[in-house]
Amino acid sequence: MASEKELFVTKQYVPVGQPISQNDHNIIYNVKCLAEPGHPDGILKMYRGKNVKSLYEQLQKLDYTEWPHIYSVRYFDGSTLVVEEKLNGHTLAELIDRNRAAGTPFTEEEAVRIMEKVCAAIDTLMNAVPPIVHYNLKQSNIFVTAGGYVKLLDFTAGYSKAKNPFSNIFNILGAIFHEMLTNKKPSKKITYKGRYESVIRKCMEKAPEKQYTKIDEIMEDIEIAKEKAPDYETIKVGIPYTLTFPFQGLLLCFEWILFSFFSIKKNMATALLFAIAFVLNSIIFAVRRHAFLKKQGAFPDFFHRFGPAFLLVIIFIAIYFLLDTYIIPMTGL
C-alpha cells in the first residue's frame with residue numbers, strides 16, 4: 001500500500017520534469033495539482049531537514065494576495081513540502097537587471113507602486129498573530145506578476161523570537177526603494193535625489209531613534225512625498241538626447257531656414273512644404289516629450305516647460321529677419 005508521501009507526489013501534486021532548482025537545503029519542482037479544482041499548475045518546494053509547516057499553515061489561513069496562494073502543506077520524514085500557485089511574471093531582481101541593461105531605472109510612479117505593495121505585505125505579516133518575520137526579504141524574493149500584483153516569496157525564516165525582529169526591515173526597504181529608482185545599491189552613498197529622498201534616508205538611518213518604527217510611517221511619508229513636485233533637474237538628466245531642446249532645436253532651425261528662404265523668395269509652394277514639415281515635427285516633438293515626462297512622473301515648472309520653446313521662437317524670428325534683411329540681399333541668393 002502506498003504511503004501518504006507517495007500518494008501526495010503521485011496522485012495529488014505530481015512533479016513535471018526535472019527540478020527547477022535544488023541545493024542542500026531545498027528542491028523545487030513544477031507540479032500538476034491534481035487535487036485542486038481544474039488541475040492548475042503549481043510549484044512544489046521541499047525544505048530538507050526543516051520544519052516550517054506551522055509557518056506555511058498560518059500563511060495558508062491568511063491567504064492574502066501579497067504572497068502566492070498555498071494549496072497544501074505537509075511534513076514528511078523531517079522535510080516540509082509546500083505546494084503553491086505558479087506565478088507568471090518576473091522577480092524584482094530580474095526587472096532591475098533589465099532596467100540596468102537598458103540604462104533606465106523604474107519611474108517614480110512604478111517604484112512607489114511596488115514599494116507600497118511590499119510595505120502593505122510586510123504590515124500584514126507584522127500584524128499577524130503570532131507575527132511573521134520575513135528575514136530573507138530581498139529583490140529576488142519580490143515577484144511582480146504579469147497582472148501587476150506584487151507578491152513576497154520564500155517564507156522560510158519562521159516566527160519571531162527576537163525582541164525587535166523587524167529592526168532591520170527598514171534598512172532593507174530603503175535599499176530596495178533606492179535601487180528601483182537609481183539601478184544602484186546604496187552601499188555607502190545615497191545617490192537618489194528626488195521627492196522620495198527623505199523616505200529612503202530615514203529608512204537607511206543607522207541610529208534607531210532616527211529611523212522608522214512602524215511600516216505605517218513609511219507609507220504615510222510616501223503619500224506626503226507624492227504631493228511634492230519632483231525636482232526638474234533630476235528628471236531632466238534621464239531625458240533621451242533626441243527629446244532635448246538642443247537636438248530638436250537644430251532640426252527645427254534647419255527646416256525654418258528653408259521655409260524662410262523660399263518664403264522670402266516668393267516660392268510659396270516649396271515654402272508651404274517646409275512649413276508643413278516644420279509644424280508636424282514640432283507637434284511630434286512636443287507630444288513625445290510630454291509623454292516621456294508624464295511617464296517619469298515629472299511636472300516641470302512653467303519656466304522649464306515653456307522657457308526653451310519661447311527661446312526657440314525668438315531664434316526663429318531672428319533667423320527670418322537676418323535672411324530677409326542681410327544674408328539674401330548681400331549674397332544675391
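**Helix packing**

Helix α4 (residues 108-126) packs against helix α5 (residues 169-182) at an angle of about 160°, and their axes are 9 Å apart. α4 is therefore roughly antiparallel to α5 (a term for angles over 145 degrees). The model is predicted: local features need pLDDT of at least 70, side-chain atom pairs count only at pLDDT 80 or more, and totals for chains, interfaces and linings use all residues. Residues are numbered from 1 along each chain as its sequence is written, and side-chain values use heavy atoms, with hydrogens and water left out.

- From α4, the contact (heavy atoms within 4.5 Å) includes Glu-108, Ala-111, Val-112 and Ile-114.
- From α5, the contact residues are Ile-169, Leu-173, Phe-177, Met-180 and Leu-181.
- Twelve residues of this contact are nonpolar, none is polar and one is charged (Ala, Val, Leu, Ile, Met, Phe, Trp, Tyr, Cys and Pro count as nonpolar, Asp, Glu, Lys and Arg as charged, and the others, Gly among them, as polar).

**The sheet**

- An open sheet is formed by three strands in the order β6-β7-β8, with antiparallel pairing (strands pair if DSSP finds at least two bridges between them).
- β6 (89-91) and β8 (150-152) are at the edges with a single partner strand each, so one side of each has no neighbour in the sheet.
- β6 pairs with strand β7 (residues 142-145) over three bridges, and Gly-89 has Thr-145 of β7 as its bridge partner.

**Helices on the sheet**

- Helix α3 (residues 92-102) packs on the sheet and touches β6 and β7; its direction makes about 85° with that of β6.
- α4 lies across β7 and β8 and runs at about 40° to β8.

Technical notes: Axes are lines fitted to C-alpha atoms, for helices over the stretch in contact, and angles run from 0 to 180 degrees between N-to-C directions. Helices (H or I, at least four residues) and strands (E, at least two) are DSSP runs, numbered from the N terminus. Angles under 35 degrees count as roughly parallel, over 145 as roughly antiparallel, 65 to 115 as roughly perpendicular and the rest as oblique.
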